[in-house]
Amino acid sequence: MLEVEHLSVDYRGVLAVEDISFAIAPGQIVGMIGPNGAGKSTLVKALLGLLPMQGRAALHGAPLQRQRHRVAYVPQRSQIDWDYPITAWNVVMMARTTTTGWLRQPSRQSRQIVQAALERVNLLDLAQRQIGQLSGGQQQRVFLARALAQQADLFFLDEPFTGIDKKTEAIMLGVFAELRAQGKTLLICSHEWGDALQRYDRLLLLNRTLLANDAPQSVMTLENIQRAYGENLHVANRPAEMPFC
Amino acid sequence: MLDWLLDPLSYEFMRNALAAGVVIGILCPVVGTYLVVQRMALLGDVIAHAILPGLAIANFFGIEMLLGAFAFGMLSTAVITWIRNQSRVKIDSAMAVTFASFFALGVTLLTLLQSRFDLEELLFGDILSVTATDVWRTCTIAVVALLLIRLFYKELLFYTFDRTGAEAVGLPVNWLNFGLMAGITLTLIVGMKIVGVILVVSLMVGPAITAYLLVKELHQMMAVGALLGVMASVIGMYASYYLDLPSGPAIALVVFVLFGLALLLSPSQGVLTRSWRSQYARKSTQPYVKK
C-alpha cells in the first residue's frame, strides 16, 4: 500500500504541487494525468526522494525514503543519453547495484535475474547491443527490464507509452498485468487520451493540486477536464458526461 | 633503429619523462572517460586553469604545490555546481565564468606575491623538469585512482549513465560526484607537469573520444583509451626529443592524429568507412537495379 498524505513540493520558490493525498492498494495500476507543468514529474521525483518535500509518503506503513530499493523508476526516454557506451545487458544489471552491495561483483543469481528480465521483454538476443543501436520501443523495454530486475514493490513509470511500437506496447501491457497479479503497485505518468485510459484501474488528475482520484470513467468528466485543462478546451461532439473515455 | 629508440633512454631526465608519460598516458584517458560520457570535457580545461591561484599561494608559503592546486581545483568545481544549483545559469556559462575568474586570480596572485614561477613551463609542460620524485608521485596517484575506479566501477557507471536513477535507488550521488571531481583534479595536476595546463586536457579527452568511436562499453573505452594515451605519450616524447619540439604540444598533436584516424576509419562509425560501405552497397545492388 502506497500512502501519500499532504504532500507539497516547493521547487525553487514555486509551490509545484500542493497538499496531495492519495493511497494506492497493492495490485493496482494507476495513471497520473494532467496538463504540461501540472507537477506530475515533480510529484514522482519527490516520491523518489529526489526533491525536498513536506508531508508524508509511506509504503507498507514505513517511510518511503527508507525503502528506496523497493521502488523502481522508469525515466522518460528523453532523459537518457542513448550514445552512452553501454550495452542493454549492463543497463539492466544496474538494477542489481544496491542488492550486490559495495565492492562486490554481481552474483550468479543477479545474472539469472537480469537474463530473465531481458527474456521477459523479448530482448535477450539484443542484450550485447549498444543501447543507441536499439529502436525506440526496444530502448523503452530495456528500462522496463531494468525495473523488473530490481524486483521492486512499487513502480513509477514516466510516460512509458510515448513513441513506441505496437509490439512493445503489447509486451508492456503484458508485463503490467503480471505485476498487478503479483500484487505490485504501479504509478504511471501519462500523456494518453481517450480509450487508452481504460487500461488503468484508477486515474489521478493533477494540476498543482489533486483534482480527481477515481475510476477512469468518473475522472474524465467534462467538468474535471475543464478544471484541469482550462475552460477553452475543445470538446465538441462528445457525450457531456464522459467526454474522454 | 634500436639505437634510435635507446639513445634517449641514456639520459635520466628522458627516462623519468617517459616513465611519467606512460603513467599519465594510462591515467588521463581512464579518468577522462568519465568527463566525456558526462559531456563535461571542458570541465578538465576549467579545473586545469582554476588551480593557478592554489599554485601561487602554495609557492608563496612554501607548502606542497599539489595541496594548493588540489584545493583550488576542487573549489572551482564546487563553485560551478553551486552557481548551477542556485540559479538558472546553465553549466557552460558557470564553467566559463569560473575558469576565467580563477585564472585571472591566479595570474594576479603570481604578480602580487612575486612568485618565482615559470608560467610558460606551467602552461606548456617541460619534460626536462620531471624528477624521479614526480614519477613516484604520479605512479602513486595513478595506482590509487585506478584502484578506486575498479572498486567503485558499477556505482560510477550507474551514476554517470543515469544520475536520477542512481539517486532514486539511494546511491550517495554527491559522494560519487565528489570522488570523480577529486580524481579528475588530481589527474590534471600530475598530468600538467608533462604536457602543461593547457594541453593536459588533450590527453584526458582525446584518447577517450578516440576509443569512444571504436568500442561500445565504458570499460573498453578506458582500456583502449589507455593504450592510445600511452602511444601518444611515447611517440610525442620521441618527437619532442629528436625534433626539438615542446613535449606537451607534441603529445597533444599525436593525440589529435590518432583521433583523426579513428574519426575517418573507425570500422563502425568512421566517416570514410561509412561512405565506402554505402558505395559498395550501391555497386552490389546495381545489377539487380538494371534488370
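This is a predicted model: local features need pLDDT of at least 70, side-chain atom pairs count only at pLDDT 80 or more; totals for chains, interfaces and linings use all residues.
Among what covers them are strand E3 (28-33), helix H4 (108-120), helix H5 (136-149), strand E7 (154-158) and strand E8 (185-189), each belonging to chain A.

Which residues of H6(A) are buried? They are Thr168(A), Ile171(A), Met172(A), Val175(A), Phe176(A) and Leu179(A). Looking down the axis of H6(A), you will find these buried residues within an arc of 135°, so they line one face of the helix. Lys166(A) and Ala181(A), on the other side of H6(A), are exposed.

After H6(A) comes Gly183(A), with a positive phi near 85°.

Strand E8 of chain A, one of the elements covering H6(A), contains Thr185(A). Is this residue buried or exposed? Thr185(A) has 2% relative accessibility and therefore counts as buried, the cut-off being under 20%. Leaving aside residues up to four places away in sequence, Thr185(A) touches Ile24(A), Ala25(A), Pro26(A), Gly27(A) and Gln28(A), together with Asp153(A), Leu154(A) and Phe155(A).

Now let us turn to chain B and its helix pairs. Two packed helices are described by the angle between their axes and the distance between the axes. Here are two such pairs:

| Helix pair | Axes come within | Crossing angle |
|---|---|---|
| H2(B) (residues 12-37) and H12(B) (residues 218-243) | 7 Å | roughly 145° |
| H4(B) (residues 52-61) and H5(B) (residues 65-86) | 7 Å | roughly 150° |

H2(B) passes H12(B) in a right-handed crossing. By class, that contact has 19 nonpolar and 6 polar residues, with no charged ones.

H4(B) also passes H5(B) in a right-handed crossing. Which residues make the contact between H4(B) and H5(B)? From H4(B) come Pro53(B), Gly54(B), Leu55(B), Ile57(B), Ala58(B) and Asn59(B), while H5(B) supplies Met65(B), Gly68(B), Ala69(B) and Phe72(B). Sorted by class, the contact of H4(B) with H5(B) has 7 nonpolar and 3 polar residues, and no charged ones.

Methods
Residues are numbered from 1 along each chain as its sequence is written. Chains are lettered from A and ligands numbered from 1 in the order in which they are written. Side-chain values use heavy atoms; hydrogens and water are left out. Axes are lines fitted to C-alpha atoms, for helices over the stretch in contact, and angles run from 0 to 180 degrees between N-to-C directions. Helices (H or I, at least four residues) and strands (E, at least two) are DSSP runs, numbered from the N terminus. A crossing is left-handed if the near helix is turned anticlockwise from the far one by less than a right angle, and right-handed if clockwise. Ala, Val, Leu, Ile, Met, Phe, Trp, Tyr, Cys and Pro count as nonpolar, Asp, Glu, Lys and Arg as charged, and the others, Gly among them, as polar. Buried means under 20% relative accessible area, exposed over 50%, partly exposed in between (1.4 Å probe, protein chains only). The arc is that of the directions from the helix axis to the C-beta atoms. Contact means heavy atoms within 4.5 Å.
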